[in-house]
Amino acid sequence: MNHDVAIVGAGPVGLCMARALALQGLAVALVERQPQAALADPAFDGREIALTHASVRLLRELDVWQRIPEDEAFPLRTARVMDRELPHELHVRPEAGDRLGDLVPNHLIRRAAWQAVRDTAGIDLHASATVASIHAGADGARLQLADGTRLQARLLVAADSRYSETRRALGIGAELHDFGRAMLVCRIRHELPHGHAAWEWFGLGQTLALLPLSEQLAGAVVTLPGEQARALAAMDEAAFAADLQRRYGGRLGRIELASSRHVYPLVATWAHRFAGTRLALAGDAAVGMHPVTAHGFNLGLASVERLSDVAGSALRQRRDLGDAALLARYERRHRHGCWPLFQATRAIVGLYTDDRLPARWLRSATLRASAALPPFRRALADVLTDDGARDAPPLQRVRSRLARMRGPRDTGAETVAH
C-alpha cells in the first residue's frame with residue numbers, strides 16, 4: 001500500500017500529525033499498537049495537560065478543540081512556585097488576557113483528536129498493529145507489519161513515545177535521563193478554593209503540584225522515589241486523603257480522592273537527531289520533557305506545526321516530501337525551539353530536587369531574587385503562555401495557500417479506512 005506519509009504511533013501527537021497532513025491533501029497511513037476501541041474511548045489516565053495559547057489555536061485549526069467538552073477545559077489563571085516553608089514564592093500572572101493557558105484532561109484530548117482523524121479523508125488506520133520490520137532509504141520508507149501488511153511512503157514519522165522503537169530501529173540514539181522518581185497523579189476534591197492557581201511546591205524528598213480544575217477540584221501530582229509513590233497509591237482512600245492533606249500542609253483544607261490513581265516513572269529524553277533519511281521524529285520520540293513545566297504536549301504540537309509547514313513547502317514547490325533539505329529545516333527549527341526549555345527544565349529540576357545544603361541555599365536565594373524581578377516574571381509568563389518559538393505559519397494559512405494553488409477540490413469528510 002502506497003502513501004505519502006506513514007506515522008507510527010497514534011497518541012495525541014500522532015493523531016494531530018495525521019490530521020494536519022491529511023488536511024493538506026496527503027495520503028497518510030497511521031500505525032498503532034492499541035485497538036481502535038482504545039483510541040475511540042481512552043480511559044482516564046490521571047494526567048491534566050496545560051495547553052498554551054498557541055496550542056489551543058492549533059487544536060482549533062485541526063477541529064480538535066471544538067470536540068472537547070466546554071466544562072472540561074479549565075482556565076489556568078496564575079502559577080505559584082514555592083520551596084518548602086519559605087515565606088517567599090514566585091507568583092506568575094499573564095501579561096495579557098485573563099489566563100496563562102487552559103488545563104484539559106489528557107484522555108479527552110486523545111478522544112477529540114481521534115474523532116477529528118476519524119472524520120478526515122485520506123487517513124488509513126492500522127490499529128492493533130506492530131511493526132515487524134522497517135526501512136527508510138533514498139528510495140522511500142517501507143514498513144512490514146506483523147500481520148503481513150506492507151506499507152510504503154515517501155516520508156516516515158516516528159511518534160511512538162520517548163522510548164520509540166522506530167527511532168531505535170533506524171539507528172538514532174537518544175539521551176535518556178532517569179530522575180529516579182515516579183509521579184503519582186489523580187484528582188482530588190478539597191475544602192478551600194485554589195483560585196485557579198497552579199502550584200509547584202518543592203519539598204524535602206518530594207515535589208508537589210496542584211493543577212486547578214473547577215474551584216474545589218484539582219489534579220494532584222506527587223513526585224517521590226518509585227517505591228514510595230507506589231506505596232502511596234496502594235493506600236486505602238481515607239488514608240491516602242489524610243496523607244495528601246498532610247503533604248499539602250493543610251493549605252487546601254480537607255481533601256478527598258476524586259478519581260483513580262496512576263503512577264508514571266520520570267524519564268526525560270532528547271534524541272540525538274530529530275530527522276534522518278526520509279524520517280522525522282515528532283512528539284516524545286524527539287524530546288520527552290520532565291513534567292515540571294507541563295510543556296511536553298505543547299512541544300509535541302509544535303512538532304506537528306513545524307512538520308506541517310515543511311510538508312506545505314514541499315507541496316507548493318513540488319518537491320519530494322522526504323527532501324533532505326526540508327527535513328533538515330524541520331530538525332533545525334524544532335531543536336532550536338525545544339533546546340532552551342529542555343535544558344532550563346533539567347537545571348530547575350536538578351536544583352530543586354537536590355537536598356544538599358549548598359543547593360538548598362542557592363534555590364532559596366534564587367527564588368527570593370526571581371520573585372523580586374518583574375522582567376523574570378514576565379519572561380516566565382511568556383514561556384507558560386506559549387513556547388516562544390512557533391516559527392511555522394498557522395496551519396490555516398498553509399491550507400489556504402494550498403487551496404489557491406490547487407484550485408477547487410472535494411473537501412468532504414470521509415470515515416477513516418481500516
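How many bridges join β13 to strand β14, and do the two run parallel or antiparallel? Five bridges join β13 to β14 (residues 206-212), and the two strands run antiparallel. The model is a predicted one. The protein contains twelve helices and 20 strands, and 55% of its 418 residues count as buried. Among contacts between residues at least 6 apart in sequence, 74% join residues at least 24 apart.

- Strand β13 covers residues 197-203, and seven of its seven residues are buried, so the strand is largely enclosed by the rest of the structure.
- In a regular strand, side chains alternate between the two faces of the sheet.
- In β13, Ala197, Trp199, Trp201 and Gly203 point one way, while Ala198, Glu200 and Phe202 point the other way; all of these residues are buried.
- Strand β5 (residues 78-83) runs parallel to β13 and is joined to it by six bridges.
- Towards β14, Trp201 stands opposite Leu208.
- β13 and β14 form a hairpin with two residues between them.
- Gly205, in the turn of that hairpin, has a positive phi of about 75 degrees.

**Helix α1 and Arg19**

- Helix α1 spans residues 12-22 and is mostly covered, with eleven of its eleven residues buried.
- The buried residues of α1 include Pro12, Cys16, Met17 and Leu21.
- Arg19 also lies in helix α1.
- Although Arg19 is buried, this residue has no salt bridge.
- The side chain of Arg19 does reach the backbone oxygen of Leu62, at 2.8 Å.
- Leaving aside residues up to four places away in sequence, Arg19 touches Leu62, Asp63, Ala116, Val117, Thr120 and Ile123.

**Arginines with positive phi**

- Most residues other than glycine have a negative phi.
- Arg278 has a positive phi near 55 degrees, although this residue is not a glycine.
- Arg278 is found in the loop between β18 (275-276) and β19 (279-281).
- With a relative accessible area of 11%, Arg278 is buried, since the cut-off for buried is under 20%.
- Arg318 likewise is not a glycine, and its phi is positive at about 55 degrees.
- The loop between α8 (296-316) and α9 (324-352) holds Arg318.
- Arg318 counts as exposed at 68% relative accessibility, because the exposed class begins over 50%.

**Cysteines**

- A disulfide is a covalent bond between the sulfur atoms of two cysteines.
- A search of the whole structure finds zero disulfides.
- Cys186 counts as buried, at 0% relative accessibility.
- Cys338 is buried, with a relative accessible area of 0%.
- Cys16, in helix α1, is also buried.

Key. Residues numbered from 1 in each chain as written. Predicted model: local features only at pLDDT ≥ 70, side-chain atom pairs only at ≥ 80, totals over all residues. Heavy atoms only, no water. Buried < 20%, exposed > 50% of the residue type's maximum accessible area, 1.4 Å probe, protein only. Helix = DSSP H or I, 4+ residues; strand = E, 2+ residues; numbered from the N terminus. Pairing = 2+ DSSP bridges. Lys, Arg positive; Asp, Glu negative; His and termini not counted. Salt bridge = Lys/Arg side-chain N within 4 Å of Asp/Glu carboxyl O. Polar contact = N/O pair within 3.5 Å; in protein donor to acceptor, adjacent residues only side chain to side chain. Contact = heavy atoms within 4.5 Å. Disulfide = S-S within 2.5 Å.
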